[in-house]
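Please open the structure in your viewer and keep the selection tool at hand.

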Amino acid sequence: MHDFDFFAGTWDVTNRRLLKRGVGSDEWEEFPGRCVAQGFFGGAGSFDTLTLPTKDFDGATIRTYDAERDEWSIHWVNSRRGLDPVPVVGRFVDGVGTFYADDTDDGRPILIRFIWSGITPGSCRWEQAFSYDDGQTWETNWTMDFTRV
């Protein structure tokens, strides 16, 4: 519990997203965002909204903590597609949160990994990576660098 307490507040976000996933591309786009986060359930939950003024979608994230399993489930919501039905699940160890899920990307089976790192009172980093070979190699395809407003 309380692992995401650091995230409550308003953040400017620098997004970097790979233009084409799973094909060996190294072309990235960069775009701004604004994130507003808050906790709930006394630290066992976290919710944020992500506004992306230069994109045709916005997002939201719902995180809930399972004390019995000592792990978080993270659900992404996209304003165009709705709730992603597959949450990533994991925990924080030594100040780094790592979360995984089995999913598909354009019909290809993938393993997803989220990492939360570099957590300070004024900044943090989130990154998403996909593995197309069951975790042997990873392709990072989206990063967010957060700066507290």
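Which backbone oxygen does the side chain of Trp11 reach? Please keep in mind throughout that this is a predicted model.

**First stop: Trp11**

Select Trp11, which has its place in strand 1. The side chain of Trp11 reaches the backbone oxygen of Phe7, at 2.8 Å. Trp11 counts as buried, because its relative accessibility is 0% and buried means under 20%. Trp11 and Thr147 lie 136 residues apart in sequence, yet their C-alpha atoms are 5.3 Å apart in space. Thr147 is one of the residues that Trp11 touches when those up to four places away in sequence are left out; Cys35, Cys124, Phe146 and Arg148 are also among them.

**Second stop: the cysteines**

Two of those neighbours, Cys35 and Cys124, deserve a selection of their own. Are they buried or exposed? Cys35 is buried, with a relative accessible area of 2%, and Cys124 is buried as well, at 3%. How many disulfides does a search of the whole structure find? The search finds zero. Cys35 is in no disulfide, and the nearest cysteine sulfur, that of Cys124, is 8.3 Å away. A disulfide requires two cysteine sulfur atoms within 2.5 Å, so the 8.3 Å between the sulfur of Cys124 and that of Cys35 is too far for a bond.

Arg17 is buried, with a relative accessible area of 19%. Which side chain makes a polar contact with the side chain of Arg17? The partner is the side chain of Glu29, at 2.7 Å. Display the surroundings of Arg17 next. Leaving aside residues up to four places away in sequence, Arg17 touches Glu27, Trp28, Glu29, Phe31, Lys55, Phe57, Asn141 and Trp142.

From Arg17, move to its neighbour Trp28, which is in strand 2, residues 28–40. Trp28 is partly exposed, with a relative accessible area of 29%. Its contacts, again without residues up to four places away in sequence, include Arg16, Leu18, Thr140 and Trp142. Trp28 and Trp142 are 114 residues apart along the chain, and their C-alpha atoms are separated by 8.9 Å.

The largest pocket holds about 730 Å³ of space. Which classes of residue make up its lining? The lining has 19 nonpolar, five polar and twelve charged residues.

Select His2, in the segment before strand 1. The phi of His2 is near 75°, a positive value in a residue other than glycine. His2 is partly exposed, with a relative accessible area of 41%.

Finally, select Asp134, in the loop between strand 10 (123–131) and strand 11 (139–148). Asp134 is not a glycine, but its phi is positive too, at about 60°. With 66% relative accessibility, Asp134 counts as exposed.

Definitions and conventions
Residues numbered from 1 in each chain as written. Predicted model: local features only at pLDDT ≥ 70, side-chain atom pairs only at ≥ 80, totals over all residues. Heavy atoms only, no water. Buried < 20%, exposed > 50% of the residue type's maximum accessible area, 1.4 Å probe, protein only. 1 Å grid on protein atoms, 1.4 Å probe; cavity = no way out; pocket = protein on both sides within 12 Å on 5 of 7 lines; lining within 4 Å. Points joined across faces, edges and corners; volume = space filled by probe spheres on them. Nonpolar A, V, L, I, M, F, W, Y, C, P; charged D, E, K, R; others polar. Polar contact = N/O pair within 3.5 Å; in protein donor to acceptor, adjacent residues only side chain to side chain. Contact = heavy atoms within 4.5 Å. Helix = DSSP H or I, 4+ residues; strand = E, 2+ residues; numbered from the N terminus.
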